[in-house]
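Subject: Structure handover

Hello,

Please read the notes with the structure open.

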Amino acid sequence: MTETIHYISDFTYFSERKTKGKFDNVLQALRAHIKYITRKAEGIITDNLDLKDWLDKAKREIAKRWDSRVALKFTMALPQDVNEQNAERYIELVKNFISTRLNVDPNEIGIALHLHTGYSGEYNPHIHALVFPKTRNNRKLRLNRKELSEFHREWQNLLEALGYRIKKDPEDERLPHLGERIHYDAEAQELYRLRLEIKKLKENINNIQYEIEREIESVKKSQERAVAREGKEEGKKKGEGFGDKQKRALELHFKRLGYKEDDKLAVVLINHREGKTLQKVMQVKEILEDKTLKYLRAMNSKGYSVYASINTLKPSATRRRKEDFEPKQKRIYLDLDSKELPPKELIAKLFKYLRDNGLPQPTHIVKSSKGNYQVYWVLNESVDWQVLERIMEKMNNDLGLDHTQDVSRVFRLPYFRNKKPGKDDLVLNINSLKVKDSDELLKATGKPVNIEPFGKLINIESLEAEEETELPKPQPSLSLPSQGSSLAPVIQSQNDKRFEAKPFLKVFIRDGYNPETVSYWDLGLDYFDKLLFSDSLDAEKLDVLADLRRLFDLAFERNGKKTMSEMDMGFVGLVFSRFKGKVPEEYLETLEKVLVDLARLRNKRQTVSQALDYARTTIKKAKIYWERLHRKTLSALIEKINQTGEVEYLAKRFLMSKYSFENAYYLASFKALNLILDLSEFYGEEIKGVDPDIFKDIKDLIFEHYDLCIEAFKKVKQKTPKDVDLMIAKLGIEKGYDVKRLTELIEILAFIREKNPLLDLEDYAKSIISKAYNEKRLEDVKRKSEDPYNDNDIDDDDFGLGL
């Protein structure tokens with residue numbers, strides 16, 4: 001009977017938290033591991049370890065949650081008789097075993113079989129397993145100690161069933177003559193201690209050998225990169241850096257699209273994660289200035305995608321409204337991005353469409369991300385915008401693309417990064433696209449084209465005839481129903497010319513919106529835009545105003561059919577929701593000023609003091625409403641926890657572990673709450689009265705501080721829950737946790753424990769944080785007195801930096 005060893009390494013998850021400090025992010029860690037286990041070397045056989053597929057799956061999980069577990073890795077030793085001839089059989093054997101024991105899909109398991117000698121010179125066949133941590137029923141893969149022990153035992157049973165005898169390391173066998181003596185015999189205890197030290201030293205040696213191998217691979221790659229870098233050094237000496245390449249790419253982009261230096265475009269910055277938008281109307285030559293490009297690069301690195309309008313604005317324009325654009329334009333554009341067709345098939349479809357309709361090749365093409373393209377045709381002469389809009393609408397319908405034919409449409413600028421969630425592609429100018437199953441190319445010619453071929457798509461002659469036909473002006477009605485009648489239409493005030501100047505506002509009134517609120521909404525947007533384009537505000541104030549403008553616009557969508565005061569309440573409520581009830585001081589100050597100004601704009605007779613009282617009352621009411629909603633959500637969650645019975649079960653277990661009764665119930669409540677939050681996909685939408693935003697915030701709060709709370713519980717086993725809260729605060733401050741989030745956590749835990757709606761949670765949490773700060777300060781003073789030469793406590797002024 002052949003002997004073999006039984007060895008399975010620790011199970012390690014890839015997540016942002018686990019890889020912090022070693023790699024910049026979890027994707028970098030996963031990429032490095034896959035490249036290491038699939039490296040090109042003799043005796044390495046891989047199965048289902050495509051790097052792109054694993055990174056795509058990881059990106060999808062990270063988009064759902066920043067700290068998702070994206071993969072599980074471990075190593076398993078194989079028998080000595082494994083070779084290249086029977087390798088496929090053992091790969092299939094291991095994959096089926098892992099799939100059965102962990103209840104995961106075999107297609108979600110990657111295997112790398114290594115058949116080479118180890119550092120000891122002995123033949124060391126083993127496999128590196130990579131598992132996507134989702135079970136067959138799409139649940140998170142979680143393994144406890146019992147399940148891990150069963151995994152080890154089943155693998156040993158499988159090896160024995162295949163006819164192998166498990167070889168034991170002599171140092172891992174029980175030492176002779178120990179038995180019960182381990183509890184009282186000093187010699188036996190010393191022998192046991194030495195055995196543990198030897199085992200630990202062996203593990204350290206193995207880890208060092210693994211790190212050396214990794215370091216050798218890293219040095220090789222560094223040398224290869226150094227060789228490749230030598231060819232770029234000469235270009236760098238000439239000043240050909242990223243900024244120069246970016247400027248040249250933008251100059252080419254603007255030249256191909258036929259812009260002049262004085263043409264005005266709207267530059268728009270959008271942060272998709274935070275929902276922030278910044279905008280400024282600039283001339284083309286201003287965009288190409290070094291200071292502008294430097295600012296845009298800085299904002300791009302902070303998560304803002306950089307866009308610009310395609311059509312030119314009037315010389316007097318300061319905003320990106322439909323009426324601010326020139327009536328005649330000279331560009332046709334498509335966003336080549338379809339969810340129904342793969343990119344290659346979409347390119348082939350566009351090429352065939354152009355050829356069948358006698359349309360010219362595009363003037364310019366920009367690659368906005370992998371598989372997505374912006375395609376432009378620049379005309380020889382300017383054409384009425386309505387004609388171009390109909391042409392693009394026809395092309396979008398025929399090709400099944402998104403409708404992007406509006407005059408105010410913005411597209412991405414080249415040589416900035418696409419910062420949409422899950423993407424980080426560099427936007428590039430390209431010269432051609434290969435057509436699938438053909439030698440043909442979709443080329444960017446860089447030359448302007450005629451309008452005639454496009455005009456045939458919509459019968460341009462009939463359109464011009466329609467424009468020349470003068471429509472009769474509607475005559476005013478001589479008699480209207482009385483205002484008391486239920487059939488009386490909405491009558492706009494004769495003194496208010498706003499609706500005559502902006503006909504699109506009539507659409508909202510026709511859909512049942514309150515005319516006063518519609519007018520107030522437009523008045524508010526004008527007010528925000530004037531402030532945003534003034535030169536008197538710094539960058540921080542502009543960010544706050546831009547955020548408030550977005551929330552004001554959203555408030556109209558939710559409350560446009562109500563009164564103006566209800567719209568104000570909805571607006572302030574959204575601000576409190578945006579910050580989970582903890583609105584920063586700079587936002588509150590700006591919000592109060594905005595409410596005062598808006599109140600006086602809609603009512604000229606109102607004094608400053610009256611408007612100020614109204615603003616403060618509105619903010620106070622919104623805060624009270626938010627706190628009620630927050631408490632209602634917590635109450636609903638606790639009710640659901642009590643229904644599950646998890647609290648009582650966990651409390652009994654902690655009491656058996658000699659915790660105090662109060663502390664056991666407290667810890668059980670916390671763990672039960674965490675259990676409910678982990679099952680949010682089943683409970684989140686079923687709990688009545690739960691606000692989704694608050695629910696998600698509580699879930700994130702629990703997840704971020706879970707390890708911190710468990711550590712605090714272990715340190716104060718026999719003390720009161722208040723002592724546990726204090727320990728959580730102290731440990732959190734020492735480890736650099738956000739103090740505001742710590743305060744919220746202590747509020748929630750106190751609410752779970754006390755269940756007292758009259759308890760002032762905020763004051764209690766603040767007192768705990770304050771006490772933690774004071775105790776930490778006393779500990780620092782004591783430490784300094786014991787060790788006055790501690791380098792960690794030297795102040796900057798000791799080096800003369802404060803002079």
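Helix α18 (residues 564-578) packs with helix α19 (residues 585-602) at an angle of about 170°, and their axes are 12 Å apart. α18 is therefore roughly antiparallel to α19; angles over 145 degrees count as roughly antiparallel. Axes here are lines fitted to C-alpha atoms, for helices over the stretch in contact, and angles run from 0 to 180 degrees between N-to-C directions. Helices (H or I, at least four residues) and strands (E, at least two) are DSSP runs, numbered from the N terminus.

This is a predicted model, in which local features need pLDDT of at least 70 and side-chain atom pairs count only at pLDDT 80 or more, while totals for chains, interfaces and linings use all residues. Residues are numbered from 1 along each chain as its sequence is written, and side-chain values use heavy atoms, with hydrogens and water left out.

Back to the helices. On the α18 side, Met-564, Asp-568, Phe-571, Val-572, Val-575 and Arg-578 meet Tyr-587, Leu-591, Val-594, Leu-595 and Arg-602 of α19 (contact means heavy atoms within 4.5 Å). By class, this contact of α18 with α19 has 8 nonpolar, no polar and 3 charged residues. Ala, Val, Leu, Ile, Met, Phe, Trp, Tyr, Cys and Pro count as nonpolar, Asp, Glu, Lys and Arg as charged, and the others, Gly among them, as polar.

Now the sheet. It is open, has 4 strands in the order β9-β8-β10-β14, and its pairing is antiparallel (two strands pair if DSSP finds at least two bridges between them). β9 (276-283) and β14 are at the edges with a single partner strand each, so one side of each has no neighbour in the sheet. Direction ignored, neighbouring strands of this sheet are turned by 30° against each other on average.

Strand β8 (residues 264-271) pairs with β10 over 4 bridges. Ile-270 stands opposite Ser-305 in β10, and Val-267 stands opposite Ala-308 in β10. β10 also pairs with strand β14 (residues 410-412), over 3 bridges, where Ser-309 is opposite Val-410 in β14.

How many residues of strand β10 (residues 305-309) are buried? The count is 5 of the 5, so β10 is largely enclosed by the rest of the structure; buried means under 20% relative accessible area (1.4 Å probe, protein chains only). Ser-305, Tyr-307 and Ser-309 lie on one side of β10, and Val-306 and Ala-308 on the other.

Regards

Methods: Angles under 35 degrees count as roughly parallel, over 145 as roughly antiparallel, 65 to 115 as roughly perpendicular and the rest as oblique. Buried means under 20% relative accessible area, exposed over 50%, partly exposed in between (1.4 Å probe, protein chains only).
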